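I had the sequence and the model open and went through them one topic at a time.

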Amino acid sequence: MSPQKIIIDTDPGQDDAVAILLALASPEEIEVLGITCVAGNVPLDLTSKNARIVCELAGRPDIKVFAGCDRPLGRDLVTAEHVHGKSGLDGPDLPDPTMPLAEGHAVDFIIETLRAHPAGTVTLCPLGPLTNIATALQKAPDIAEKAAKIVLMGGGYFEGGNITSTAEFNIYVDPQAADIVFKSGIPIVVMPLDVTHKALVTKPRNDAFRALGTQVGTAVAQMTDFFERFDIEKYGSAGAPLHDPCVTAFLINPELFSGRHINVEIETQSELTMGMTVADWWRVTDRPANATFINDLDADGFFTLLTERLARL
Ligand code: BDR
Ligand code: CA
């Protein structure tokens, strides 16, 4: 089978970085057509710099990295330096990138790429706020028919929220954008906190990254070392959740994951529950299913896959 063509839309972020590394390490299953950056964990100038740092770490300065939207559609930008550090990629000491940003706006790249490929052949993989994807859909509604699917990290239902008591960070930053995406009609697979909180980098798993003895293995171990102190303090969990790599792991081996095809809508009005992913898990409404909401994974299988693939870089 030929590899799936994807666009990674991202706000690196240590876990975004690991998701990108996993994709670049898996050319049999994934062909990265380009990386589009958005403001999220840190402002756009840093996310678009960090994405290039990660490509160079992977030995892939040929990947096209585009800068996109620098703020949410209708709200002020909320960032997460308290989790990811000032640079967004705190932990390892990695050199500034030498590869330039690709010319043009990320939103135009998304539109042009979807239009240039046969319908149903390009998958969008958002790992941050959905501003770029929603802007592309607003500017070029025809692309909804072109995308194969969207596999995204965002939301949470049984786990509640991680930035407010009901909202997950990516959706909370730009609920209006998320609403547009969830109503787009494009098939969506959602990796919410319900599953990512089961993808925990325990000490043995982090030791396995470090034991690779490569620059990538060491950098990934240092990244997870950095942001796990936050999650361990907050949740009392056994390690940092690797949110975004669930998206790229799903593309490589969907059998590692399970969930339900249900209706998911986004709260865009109430300040109390702004950005909540209202998931009809029990199918108690007659609202039509629009997303596959993942709630479980084979965590050992996930970490075995990730470690084995990172070893290739
Ligand atoms: C999501 O928010 C960011 O902090 C992470 O990179 C991930 O995409 C988790 O809520
Ligand atoms: Ca992210």
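**Conventions.** I worked on a predicted model, so I kept local features only at pLDDT of at least 70 and side-chain atom pairs only at pLDDT 80 or more, while totals for chains, interfaces and linings use all residues. Residues are numbered from 1 along each chain as its sequence is written, chains are lettered from A and ligands numbered from 1 in the order in which they are written, and side-chain values use heavy atoms, with hydrogens and water left out.

**Calcium site.** I looked up which residues coordinate the calcium ion (ligand 2). I took donors as N, O and S atoms within 2.8 Å of the metal, or 3.2 Å for Na, K and Ca; water is not among the atoms, so sites may look incomplete. Along the sequence the donor residues are spaced D-x4-D-x110-L-x116-D.

I then checked burial, where buried means under 20% relative accessible area, exposed over 50%, and partly exposed in between (1.4 Å probe, protein chains only). Asp-11 counts as buried because its relative accessibility is 0%. Asp-16 is buried too, with a relative accessible area of 0%.

**Thr-47.** I noted Thr-47 in helix H2 (residues 44-57); helices (H or I, at least four residues) and strands (E, at least two) are DSSP runs, numbered from the N terminus. Thr-47 counts as buried because its relative accessibility is 0%. I listed its contacts (heavy atoms within 4.5 Å). Leaving aside neighbours within four places in sequence, Thr-47 is in contact with Thr-10, Asp-11, Pro-12, Cys-37, Val-38, Ala-39 and Val-42. A polar atom of the Thr-47 side chain lies 3.2 Å from the backbone oxygen of Leu-44.

**Cores.** I searched for nonpolar cores, meaning sets of buried Ala, Val, Leu, Ile, Met, Phe, Trp, Tyr and Cys residues joined through side-chain atoms within 4.5 Å. The largest has 63 residues, and Ile-35, Phe-257 and Phe-302 have the most contacts inside it. Helix H1 (residues 14-24) gives the most to this core, with 8 residues. A second, separate core has 39 residues, including Leu-130, Ile-133, Ile-171 and Ile-262. For Phe-302, not counting residues up to four places away in sequence, I listed Ala-199, Leu-242, Pro-245, Cys-246, Ala-249, Leu-256, Phe-257 and Leu-297 as touching.

**Backbone.** Most residues other than glycine have a negative phi, and most peptide bonds are trans. I noted a cis peptide bond joining Pro-12 and Gly-13, with omega about 0°. Gly-13 is in the loop between strand S1 (4-10) and H1. Arg-283 is not a glycine, yet has a positive phi of about 55°. Arg-283 lies in the loop between strand S11 (277-279) and strand S12 (291-297).

**Aromatic rings.** I searched the whole structure for aromatic pairs and got 7. Rings of Phe, Tyr and Trp (its six-membered ring) pair if their centres lie within 6.5 Å; planes under 30 degrees apart count as stacked, over 60 as edge-to-face and the rest as tilted. Phe-158 and Trp-281 are edge-to-face, 5.9 Å centre to centre with 90° between the planes. This pair links distant parts of the chain, 123 residues apart: Phe-158 is in the loop between strand S5 (147-153) and helix H6 (169-173), and Trp-281 is in the loop between S11 and S12. Phe-158 is partly exposed at 47% relative accessibility, whereas Trp-281 is buried at 6%.

Phe-209 and Phe-303 form a tilted pair, 6.4 Å centre to centre with 45° between the planes. Phe-209 belongs to helix H9 (residues 203-210) and Phe-303 to helix H12 (residues 299-310), 94 residues apart. Both are buried. I also noted one aromatic cluster, formed by Tyr-157, Phe-158, Trp-281 and Trp-282.

**Helix H7.** I asked how many of the 8 residues of helix H7 (residues 175-182) are buried. I counted 6, and the helix is mostly covered. The buried ones are Pro-175, Ala-177, Ala-178, Asp-179, Val-181 and Phe-182. Their cover includes helix H5 (131-139), S5, H6, strand S6 (188-191), strand S10 (264-266) and S12.

**Thr-123.** I placed Thr-123 in strand S4 (residues 122-126). Thr-123 counts as buried because its relative accessibility is 3%. Leaving aside neighbours within four places in sequence, Thr-123 is in contact with Lys-5, Ile-6, Ile-7, Ala-148, Lys-149, Val-151 and Leu-251.

Note on methods. A polar contact is a pair of N or O atoms within 3.5 Å; within protein, one must be able to donate a hydrogen and the other to accept it, and residues adjacent in sequence count only if both atoms are side-chain atoms.
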